[in-house]
Amino acid sequence: MQTINIAIDGPSGAGKSTLARSIAAKLGYLYVDTGAIYRTIGYHALTAGIDPKDEAAVAAALPGLRVELTYGEDGLQHMFLNGQDVTKEIRLPEVSMYASAVSAHPAVRAYLLEMQRELARTNNVIMDGRDIGTVVLPDAQVKVFLTASPEARARRRMLELEQRGIPQPFEQILTDIQERDWNDSHRAAAPLRQAEDAVLLDTTELTFQESEAALLHIIRERTEA
């Protein structure tokens, strides 16, 4: 039986994870946050003192890593690194740039590619990231490029960090987002870009509920879900 794959790509802070998780729950699909997988590699580089831009050093560390993705009783994706649950740690602000840097290395992307494809072969999935529709799941039945202005994404990120008790200034968050956008879209390996057959969804002026309704409409149009 063929599985249904939904690929959601877009820049950092566009709301991909929150929207994909919510819609996956509504449709009974498996939600796969690929950003969390790359964050796990980035977190290892951070804690091991590895320069995330040093491709040789990062690649040399990969064979000794055990990266696992599981789903807890809460239904949420949990990331394990060498047996340790690092789900909370990988969300620290400093991990973002490490994740962006390590994800630019072909060796890292190749290391994680099969893990992602196997999940899509064996489950109906909603998978979000930067290159899902272009590289990981090029034959996905539904492809969406989800975006919003850098300022809107920075405001949302600022609110999220405040709610988690680790506030940061708006200007710092905006600068980080703009830097990550540039890095993600200019890397040599699988750069962030909209797939030719992806639907563009800009949520700058939309509430979460409006964004969710728009995304669900796109999916149902193409899958009759």
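How exposed is Arg66, judged by its relative accessibility? Point 2 gives the answer. The notes below go through the helix packing and the salt bridges.

1. **The model.** This is a predicted model. Keep that in mind for every value below.

2. **Arg66 and Glu68.** Arg66 has 43% relative accessibility, so Arg66 counts as partly exposed. The cut-offs matter here: buried means under 20%, and exposed means over 50%. Glu68 has a relative accessible area of 33%, so Glu68 is partly exposed too. These two residues form a salt bridge. Their closest N and O atoms are 3.4 Å apart.

3. **Salt bridges in general.** Side chains of opposite charge can pair when their charged atoms come close. In this model the count comes to 14 salt bridges. Two further pairs deserve a look.

4. **Arg130 and Asp184.** The side chains of Arg130 and Asp184 form a salt bridge, with 2.9 Å from N to O. Where do Arg130 and Asp184 lie? Arg130 is in the loop between strand S6 (125–129) and helix H6 (132–136), while Asp184 is in helix H8. The pair therefore ties together parts that are 54 residues apart in sequence. Both Arg130 and Asp184 are buried.

5. **Asp181 and Arg153.** Asp181 and Arg153 also meet through their side chains in a salt bridge, at 2.7 Å from N to O. Asp181 sits in helix H8 and Arg153 in helix H7, so to speak of distant parts of the chain, the pair links positions 28 residues apart. Asp181 has a relative accessible area of 16%, so Asp181 is buried. Arg153 is buried as well, at 3% relative accessibility.

6. **A network.** Some salt bridges share partners. Through them, Arg130, Arg180, Asp184 and Arg187 join into one network.

7. **H7 against H8.** Two packed helices are described by the angle between their axes and the distance between the axes. Helix H7 covers residues 150–163, and helix H8 covers residues 170–186. They pack at an angle of about 125 degrees, with their axes 9 Å apart. That angle makes H7 oblique to H8. The crossing is right-handed.

8. **Who touches whom in H7 and H8.** From H7 come Pro150, Glu151, Arg153, Ala154, Arg155, Arg157, Met158 and Leu161. They meet Phe170, Ile173, Leu174, Ile177, Gln178 and Asp181 in H8. By class, this contact has 8 nonpolar, 1 polar and 5 charged residues. Arg153 and Asp181, the salt-bridge pair of point 5, are both in this contact.

9. **H1 against H9.** Helix H1 spans residues 16–27 and helix H9 spans residues 208–223. Their axes come within 10 Å and cross at roughly 55 degrees. That makes H1 oblique to H9. This crossing is right-handed. On the H1 side, the contact is made by Thr18, Leu19, Ser22, Ile23, Lys26 and Leu27. On the H9 side are Phe208, Ser211, Glu212, Leu215, Leu216, Ile219 and Arg220. The contact of H1 with H9 divides into 7 nonpolar, 3 polar and 3 charged residues.

10. **H4, an enclosed helix.** How many of the 10 residues of helix H4 (residues 93–102) are buried? The count is 7, so H4 is largely enclosed by the rest of the structure. The buried residues are Pro93, Val95, Ser96, Ala99, Ser100, Ala101 and Val102. What covers them includes helix H2 (34–48), helix H3 (55–61) and helix H5 (106–122), along with H7 and H8.

Notes: Residues are numbered from 1 along each chain as its sequence is written. This is a predicted model: local features need pLDDT of at least 70, side-chain atom pairs count only at pLDDT 80 or more; totals for chains, interfaces and linings use all residues. Side-chain values use heavy atoms; hydrogens and water are left out. Axes are lines fitted to C-alpha atoms, for helices over the stretch in contact, and angles run from 0 to 180 degrees between N-to-C directions. Helices (H or I, at least four residues) and strands (E, at least two) are DSSP runs, numbered from the N terminus. Angles under 35 degrees count as roughly parallel, over 145 as roughly antiparallel, 65 to 115 as roughly perpendicular and the rest as oblique. A crossing is left-handed if the near helix is turned anticlockwise from the far one by less than a right angle, and right-handed if clockwise. Contact means heavy atoms within 4.5 Å. Ala, Val, Leu, Ile, Met, Phe, Trp, Tyr, Cys and Pro count as nonpolar, Asp, Glu, Lys and Arg as charged, and the others, Gly among them, as polar. A salt bridge is a side-chain nitrogen of Lys or Arg within 4 Å of a carboxyl oxygen of Asp or Glu. Buried means under 20% relative accessible area, exposed over 50%, partly exposed in between (1.4 Å probe, protein chains only).
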